Amino acid sequence: LLIGCLCHDLGHGSFGNNFLKDSEHPLAILFNDSSVLENYHSMVLFSILRCPIYNWTETGNLNFSKKDFRKCVLSCILGTDMSNHFEFIKQFNETFPKLNGSENSLSSSEKIQLAIALIKCSDISNVLRPFPIAKSWGLALLNEFFLQGDYEKLLKLSIGPLNDRNSVKTGSAQHQFLTAVAAPLYRTVAEKIPGLDCFDKWIQENAENWLNFKD
């Protein structure tokens, strides 16, 4: 899980999957339009690990096999593809057991499910930070989207819903993301894992702050 978090955006070029697919980018062709960036990040990581001086899985006494390690890390990184966001929430809600401190009883597939849930929560965790920090992250992210929108206009591609700097309202866009995308994930995870009820409180506070944000 730690390696997956560390490497989940390796080599990211600040353009989303839809842009890569619509522009017929070489990476989209290489990965057949399927989780393009996530497959790329995974490929970069495991290419690095092929180099002996970086391949720490070949040294030390590990309590897992290289095969299990690769399976878990790939699942974590591929799990950050937001196109599968709501399907994951649905499956996690329906199939993952409610934890009570006995997580050692989880099956291998349930442990991977838990790892994906945690990396997804971490991936968008800027929305949970104190608002001055969350605001800085949110503005940086929207500026990245706007830059992509500029390229979409230049290449005469369809412009993503958050990518047009002339029409997107920052506060309402962030409020929509927090309430419609982030909150369902955090609430579902908090229902299964004790001690995470604070997520909902922080989401609501920041959502209110974005609602009152002046562009």
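Asp 33 touches Lys 21 and Ala 28, leaving aside residues up to four places away in sequence; contact here means heavy atoms within 4.5 Å. The C-alpha atoms of Asp 33 and Lys 21 are separated by 5.9 Å, although the two residues stand twelve apart along the chain. Asp 33 belongs to the loop between α3 (26-30) and α4 (36-49). With a relative accessible area of 43%, Asp 33 is partly exposed, a class lying between buried (under 20%) and exposed (over 50%), for a 1.4 Å probe and protein chains only.

The model is predicted: local features need pLDDT of at least 70, side-chain atom pairs count only at pLDDT 80 or more, and totals for chains, interfaces and linings use all residues. Residues are numbered from 1 along each chain as its sequence is written, and side-chain values use heavy atoms, with hydrogens and water left out.

The protein as a whole has ten helices and zero strands, where helices (H or I, at least four residues) and strands (E, at least two) are DSSP runs numbered from the N terminus. Its radius of gyration, taken over C-alpha atoms, is 19 Å, close to the 17 Å given for 215 residues by the globule rule, so the protein is as compact as a globular protein of that length; the rule is 2.2 Å times the number of residues to the power 0.38. The C-alpha trace spans about 55 × 40 × 30 Å along its principal axes. Of the 215 residues, 40% count as buried. Among contacts with a separation of 6 or more, 67% come from residues 24 or more positions apart.

The interior can be considered next. In soluble globular proteins, nonpolar side chains tend to be buried together. Not counting residues up to four places away in sequence, Ile 203 touches Val 127, Leu 128, Leu 178, Ala 182, Ala 183 and Tyr 186.

Ala 182 also marks a kink of about 45° in α9, shortly before the proline Pro 184; the bend is the angle between axes fitted to the seven residues ending there and the seven starting there.
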